[in-house]
Amino acid sequence: MKLVTAEEMGRLDRLSSSEYGIPTLLLMENAGLRVLEVIRRHFSEHLRGRRVLIFAGKGNNGGDGLVVGRHLLNAGAEVKVFLLARPEEVRGDAAVNLAIYQKMGGKLFPLLEDKDLQRVDVSLLYAELAVDAIYGTGFRGAASGLAARVIEMLSQSRVPVAAVDLPSGLEADTGRVNGPCVSATYTVTFALPKLGLYLYPGAAHVGRVVVADIGIPQALVGAQPLNRELVTEEWVRERLRPRRPWSHKGDYGHVLVVGGSPGLTGAVVMAAEGALRSGAGLVTAAVPAALHSVLEEKTLEVMTLPLPGGEVLQGSEALAAVEEFSRRCQAVALGPGLGRHPGTQSLVRQLLPRLRCPLVLDADGLNALAGHLGVLREVRVPAVLTPHPGEMARLLETSSARVQEDRIGTAERAARDWGVTVVLKGARTVVASPSGATYLIATGNPGMATGGSGDVLTGIISGFLAQGMPAEEAAAAAAHLHGAAGDAALAERGQRALTAGDLLAYLPRVLKQTEGVD
């Protein structure tokens, strides 16, 4: 499902009118009707006598709200419209709907002074639903004055709220909330979902998002250069190729996981098992020779490869061994539990240009690139980098806070500049490709903030790469399934007790569900 910015949505609205002759008044009517449908379902189709408050701004978002009010009146609901402007300040299509609403005898209460809020306070005590149509996609910054007070009153009340297009106080492009923001029960967003609805902190205010068709031609949408997409179960299903009945393990690729250092062998095991669980035919875990016996005890289905040297991965012999073995494989996962020994970091930088199969670089593999990003220009294979905000900050020589301020922009710039697919992990993981496509992951939960979670993701990505999936699709599909496994585990085990091992345990269930296998 494509995600749009306010500017992209505005362009679609304008082109619908200029190229297809669709009146903007008709789009507003359709928008109001779609909100009405959600309200009907909320009240189980019984609208007569329902007490509904509509909070309308003077712009088009307010016009949408006035359409809702008009149709609720027709259905027998008790409607009050609180207008955050003088009626004469309302222009264009919104003014048309305001005039109709008034001619139908609808109750209208302009909110112009503090004393006007007393009526709002009392009305909220008896209301059964409120419609938030104060601000639309053009909102930026923080609400102030009476609007801010109204938003606070709505948020503090227990009245369910249906937000029109997006909750007032939320920025459409960034999900930023800089002041008071409506906490909606439903957000009915039109034509295509806005980016900010899926980015935190705004995503915490939207309730259930309903994407409503208001009649924008699909041909027009398809012709636009929209490069951001929300990954859904259907999207992933379309990319999981069915297994042929006569196939064998050699058909599904061989993953080489390279990592491990004293105290961190579990990371290698998590990544290797993630690759196996995602369908790779063969998985080999390569670790320093002194740790090999540990891996042998921890794994059953995963093969192991002792690398020359002691407890630390370093030296020309180890480098040659990894390079040689990787030529038998279809994907390499480099970094889980690797450690930060200078010799190890040097080996990573020497190895990258020598690889001839797709690569996932994670954890200490990423840390080896801090201050040495030029190495990425020498990588000749599709590469996926999976930094969390702290690792991304080290690579960019900035702070985690700066990364978090603009997660999508940061990931997109890094993917373009480095020529790799970037998986910026965190709440709403971002997958950005060097081709310019960006994917937003809506699955996952705070319980997954636990050691080993990233190693499992690395394993799943490498498993998909080994099966021939393109890098950006492998990364996006893996991130979605990784989050879905976390959500499945959450439902039964809760947030606090969730472990990375649970992700491996629940991955088969979400894969089965995604593929529609009985």
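Let's start in strand 5: Ala163 there is the bridge partner of Asp132. Helices (H or I, at least four residues) and strands (E, at least two) are DSSP runs, numbered from the N terminus.

Quick ground rules. This is a predicted model, where local features need pLDDT of at least 70, side-chain atom pairs count only at pLDDT 80 or more, and totals for chains, interfaces and linings use all residues. Residues are numbered from 1 along each chain as its sequence is written, and side-chain values use heavy atoms, with hydrogens and water left out.

Back to the strands. Strand 4, residues 129-133, runs parallel to strand 5, with 3 bridges joining them. Two strands pair if DSSP finds at least two bridges between them. Strand 5 also pairs with strand 6, residues 186-190, again parallel, over 3 bridges. Here Val164 stands opposite Val188 of strand 6.

Which way do the residues of strand 5 point? Val161 and Ala163 point one way, Ala162 and Val164 the other, and all are buried (under 20% relative accessible area, 1.4 Å probe, protein chains only).

Now the helices. Helix 9, residues 265-277, and helix 19, residues 500-515, have axes that come within 10 Å and cross at roughly 5°. Those axes are lines fitted to C-alpha atoms over the stretch in contact, and angles run from 0 to 180 degrees between N-to-C directions. So helix 9 is roughly parallel to helix 19 (angles under 35 degrees).

Who makes the contact (heavy atoms within 4.5 Å)? From helix 9, Met270, Glu273, Gly274 and Arg277; from helix 19, Ala500, Gly501, Leu504, Leu507, Pro508 and Leu511.

Methods: Parallel < 35°, antiparallel > 145°, perpendicular 65-115°, else oblique. Contact = heavy atoms within 4.5 Å. Buried < 20%, exposed > 50% of the residue type's maximum accessible area, 1.4 Å probe, protein only.
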